[in-house]
Amino acid sequence: MQIVLVDPSRTVRRIVSDLIEQGGYQVCPLSDGDEALAYIKANPEVRALITCAELASMSGIELCRQARALAGGRRPLYILLMSSSDEHNRLVQALDNGADDFICKPPIAEELRARLRTADRVTSMQDELFRYATTDFLTGLLNRRAFFVSVVEACERAQKGSAVSAIICDLDHFKQINDTYGHGVGDAVLRTVAAEAALLDGIVGRLGGEEFGIIVEAAVLDGMEIAESFRRTISQLKIPADKAVVEVTISLGVAEWEIGDTTDSLLRRADLALYEAKRAGRNRVVAADTFSISQNHENWRGVSRSSVLRSKQ
């Protein structure tokens, strides 16, 4: 477990760091709250924060609040406020602002190590729960909910100037694979395709059944190249099935975020491009806005992609 320690006193940092390291943990000692927040943000492996209540740039209680907001519900972070004061109001304030525990300063070695063992145990359980909550059980990719959250975040980055493209892909004739070889082989096909998708430089999730979503920080032309390379890779797979070998192809639709887009409209345009790839013969990549929208396109799914995602969460 990696721990961030924040205290303005070099002596305190050295003493407490020694106690933490003797317990077998890694520690990053810092003197400033802003530095601590930046370090925690850049290092997701940090699972505990110990902060002094009395800091220069911000109070320890404010650091607790901001660190808790930074961690949110997507990563484990155990927060300990350390203070030489045992004022009841300060303890209540700390807990109300995101702290998990409170320890006197200077800490007693055995007490500190016991609290760190608690932090290690709690954050390990939280980490496991986060994985269960965000991971598709069959493929190991992001599940629908986690993927949709990532799309929202990607669109926020796009609004600030980053290029973002969405790729929706679907295995061709997957029902025939299940009907011919059985669901065990179908699951093996999904896992194999997912393993290849996980190698892509982007955010990848399983949207349900044989359908996957990919978010890449790239303009549409680069997104098309990524999609085409992925299509070729999948078309070359040979998946064993008893005495047979299964070959599979995929169809893909690509859409780039445009000014005025929402997550709903971005994914909807990629979804329509996927339909066009299916309609045009499958095993191909189609970019959004390169074809005329017909009534069949409008009837595809019947509702927008993000609405589908939300309804299944």
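Author: Helices (H or I, at least four residues) and strands (E, at least two) are DSSP runs, numbered from the N terminus. The model is predicted, so local features need pLDDT of at least 70 and side-chain atom pairs count only at pLDDT 80 or more, while totals for chains, interfaces and linings use all residues. Residues are numbered from 1 along each chain as its sequence is written, and side-chain values use heavy atoms, with hydrogens and water left out.

Reader: In which loop does Asp 289 lie?
Author: Asp 289 is not a glycine, yet its phi is positive, near 65°. At 51% relative accessibility it counts as exposed (over 50% relative accessible area; buried is under 20%, partly exposed in between; 1.4 Å probe, protein chains only). Its place is the loop between strand E12 (285-287) and helix H11 (295-299).

Reader: Is Asp 242 buried or exposed?
Author: Asp 242 is found in the loop between strand E9 (239-241) and strand E10 (244-246). Its phi is positive, about 55°, although Asp 242 is not a glycine. With 80% relative accessibility, Asp 242 counts as exposed.

Reader: Where is Pro 106 placed?
Author: The peptide bond from Lys 105 to Pro 106 is cis, with omega near 0°. Pro 106 sits in the loop between strand E5 (101-104) and helix H5 (109-134).

Reader: How many disulfides are there?
Author: A disulfide is a pair of cysteine sulfur atoms within 2.5 Å. By this rule the count comes to zero.

Reader: How far from Cys 155 is the nearest cysteine sulfur?
Author: Cys 155 is in no disulfide. The nearest cysteine sulfur to that of Cys 155 belongs to Cys 169, at a distance of 18 Å.

Reader: Is Cys 169 buried or exposed?
Author: Cys 169 is in no disulfide either, and its nearest cysteine sulfur is that of Cys 155. At 1% relative accessibility, Cys 169 counts as buried.

Reader: Which strands are the edge strands of the open sheet?
Author: Five strands form the open sheet in the order E2-E1-E3-E4-E5, with parallel pairing. Two strands pair if DSSP finds at least two bridges between them.

Reader: Which residue in E2 does Val 4 stand opposite?
Author: Strand E1 (residues 2-6) and E2 run parallel and are joined by five bridges. Opposite Val 4 stands Cys 28.

Reader: Which element gives the most to the lining of the largest pocket?
Author: A pocket is an open set of points on a 1 Å grid over the protein atoms alone, where a 1.4 Å probe fits, with protein on both sides within 12 Å along at least five of seven lines; lining residues have an atom within 4 Å of a point. Of its 13 lining residues, the closest to its centre are Pro 44, Ala 71, Arg 74, Arg 75 and Pro 76. Helix H3 (60-71) and H5 give two or more residues to this lining, and the most, four residues, comes from H5.

Reader: What is the volume of the second largest pocket?
Author: Among the residues that line the second largest pocket are Arg 74, Phe 130, Leu 142 and Val 149. H5 and helix H6 (144-159) each supply at least two residues of this lining. The volume of the second largest pocket is about 180 Å³.

Notes: Grid points are joined across faces, edges and corners, and a volume is the space filled by probe spheres set on the points.
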